[in-house]
Amino acid sequence: MIRFRPRRETSGHVLLRVLAASSALWSTLACSGTELQAPPQTASSIEVSFSRVPDRALLQFDTISVTATVRDSQGKSISGSPVTWEIRPGSPGPAVPSITPTGERTALVTMGYMTFYVVASASTRAGAPAVTGRIFVALPPVTELSAREGQAFIWTRAAGFTRITPPQGASKVFPRAINDAGQVVGSVELDGQASSRRAFVWSASSGFTYLNPPDFRGRSIANAINASGTVTGETAGFQSGFHAFVWSPESGMTILPAYAKEDYSSGKSINSAGQIAGIASVAFGVERAFRWSSVGGLQVLPVDTVRSSFAVAINNSGQVVGSDGPSEWYGDLSGPMPVLWDAVGGRTQVAGCDRPCEMQVVALNDRAQVAGNHDGRAFRWSVSEGINRIPEMNGFGASRATAMNDGGDMVGVSGKRYVENRGWLWTGGGELIDLGMPPGVVYVKPAGINNAGQVVGTFR
């Protein structure tokens, strides 16, 4: 009979057997699909870099992506160690930047008016301090904001913002109004010179059409357009001073007759019948609101003061809204008085304004509703409903109306100095809508709204 005696194992044999068993176990887990966690790597340093260099073109509320690269003591890039982000100020400023994580090692920085550091931190082993990396960002110059002026848009609830691209030779577009056909009027700035602004009418299908002759060398602005595409505004270059005009595709530009041979007049609004409301000089330093038609000529509207009066809008009933009184404040003297003139010249004071009062009217619709601003708040007013002030928007208490359509939908802007200024739509039903803020934009200013709800304006 043969006997087998158990072999005595040395420590080396035991170690080999353990390693073999471990190898077999890892092979088994790998074959079974079980995910294996490698031993944690130790972070030794962090590099922070931007997707592009934040140069002078980077402005307040622009965004730029930032990435953190974590390395071990050998300088090799490692994964795993979580990264946290923060902003540390380098110098004070009125608008503080912010940072938002967008991935495991990336974030999005929104610029503000201050110098600051972007700081990334990664944890190491338990009980050891985190390692950090940072990058410095210089203060964006405030003067750079002017480079963004004159960027025009059309906004709708369905599509948001659509940019109106300037025509060849023009650097900036300043829209003033939009009709129900989507035609926009305003002025473009040629060769970067404000003195060379040219009145235009634009549509998505036809592009830009200048209203002055091709050899025109003066300055012109289109202020309003009616449903049939007839335009009014002011132009200089044919004679001395500025003069109100009426323009149509069929007849071209016609200069309205001056009042008392003075050298300034301006068409501010036009209705479907071609009646124009505007202002004209009647004596040195004195202006009067007028209503003009091709049949009745120029009619100066009655005033309750020996000083100036101003018209801003006319509706299809021939009513005109504006104000009388001085254009500026003179100590204890009475300020401008908002007025609604009827079709035959009768005057109705816009309620809620006792002299002196800080009230401005900006629009009038076919329901005889008036849009304006009173003590830093936009309002809508009518004889039957009185004054209705806009609610506060997103913490921005100050608001300013700029236009209104026939449904009572108003547009305007709210904001604070050096902080983002946001455009809004206040519907006739009372809904307050933030138009939003496209990436890199710091100021949204609506200028007009049509009955289809299209909003035209500028951003920068």
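What share of the contacts in the chain with a separation of 6 or more is accounted for by residues 24 or more positions apart? The share is 42%.

**Figure 1. Overview of the predicted model.** The chain has 460 residues, and buried residues make up 46% of them. Its secondary structure comes to one helix and 35 strands. Of the contacts with a separation of 6 or more, 42% join residues 24 or more positions apart. The views below pick out single sites.

**Figure 2. Strand 35 and its cover.** Strand 35 spans residues 455-459. Five of its five residues are buried, so the strand counts as mostly covered under the limit of 20% relative accessible area. Both faces are covered. One side carries Val 455, Gly 457 and Phe 459. The other carries Val 456 and Thr 458.

**Figure 3. The partners of strand 35.** Strand 35 pairs with strand 8, residues 151-156, in the antiparallel sense. Five bridges join the two. Within this pairing, Phe 153 has Gly 457 as its bridge partner. Strand 34, residues 444-449, also pairs with strand 35 in the antiparallel sense, again over five bridges. Here Val 444 stands opposite Phe 459. Strands 34 and 35 form a hairpin with five residues between them. Gly 453 sits in the turn and has a positive phi of about 85°.

**Figure 4. An aromatic cluster of Phe 153, Phe 161 and Phe 459.** The count of aromatic pairs comes to six. In one of them, the ring centres of Phe 153 and Phe 459 lie 5.6 Å apart and the planes meet at 5°, so this pair is stacked. Phe 153 belongs to strand 8 and Phe 459 to strand 35, so the pair ties together parts 306 residues apart in sequence. How are the rings of Phe 161 and Phe 459 arranged? That pair is edge-to-face, with 6.2 Å centre to centre and 80° between the planes. Phe 161 lies in strand 9, residues 160-164, and Phe 459 in strand 35, so this pair ties together parts 298 residues apart in sequence.

Phe 161 is partly exposed, with a relative accessible area of 23%.

**Figure 5. The second largest pocket.** About 160 Å³ of space lies in this pocket. Which elements give two or more residues to its lining? They are strand 8 and strand 9. Strand 9 supplies the largest share, four residues. Residues in the lining include Ile 154, Trp 155 and Thr 156. Gly 160, Thr 162, Arg 163 and Ile 164 are also among them. Further lining residues include Ala 181, Gly 182, Trp 202, Ala 204 and Gln 454.

**Figure 6. Two arginines over aromatic rings.** Arg 134 lies over the face of Tyr 117, at 4.3 Å from the ring centre. The charged end of Arg 197 sits over the ring of Phe 174. Its distance from the centre of that ring is 3.9 Å.

**Figure 7. Surroundings of Thr 69.** Thr 69 lies in strand 2, residues 63-71. Its relative accessibility is 22%, so Thr 69 counts as partly exposed. Which residues does Thr 69 contact, leaving aside its neighbours within four places in sequence? These are Ser 45, Ile 46, Glu 47 and Ser 77. Arg 105 is 36 residues away from Thr 69 along the chain, and 7.2 Å separates their C-alpha atoms.

**Figure 8. Two loop residues with positive phi.** Most residues other than glycine have a negative phi. Ala 368 is not a glycine, yet its phi is positive, near 60°. Ala 368 is placed in the loop between strand 26 (359-364) and strand 27 (370-374). Asp 375 is another non-glycine residue with a positive phi, about 50°. Where does Asp 375 lie? Asp 375 is in the loop between strand 27 and strand 28 (377-382). Asp 375 is exposed, at a relative accessible area of 53%.

Note on methods:
Residues numbered from 1 in each chain as written. Predicted model: local features only at pLDDT ≥ 70, side-chain atom pairs only at ≥ 80, totals over all residues. Heavy atoms only, no water. Buried < 20%, exposed > 50% of the residue type's maximum accessible area, 1.4 Å probe, protein only. Pairing = 2+ DSSP bridges. Phe/Tyr/Trp six-rings, centres within 6.5 Å; stacked < 30°, edge-to-face > 60°. Lys NZ or Arg CZ within 6 Å of the ring centre and 35° of its normal. Contact = heavy atoms within 4.5 Å. 1 Å grid on protein atoms, 1.4 Å probe; cavity = no way out; pocket = protein on both sides within 12 Å on 5 of 7 lines; lining within 4 Å. Points joined across faces, edges and corners; volume = space filled by probe spheres on them.
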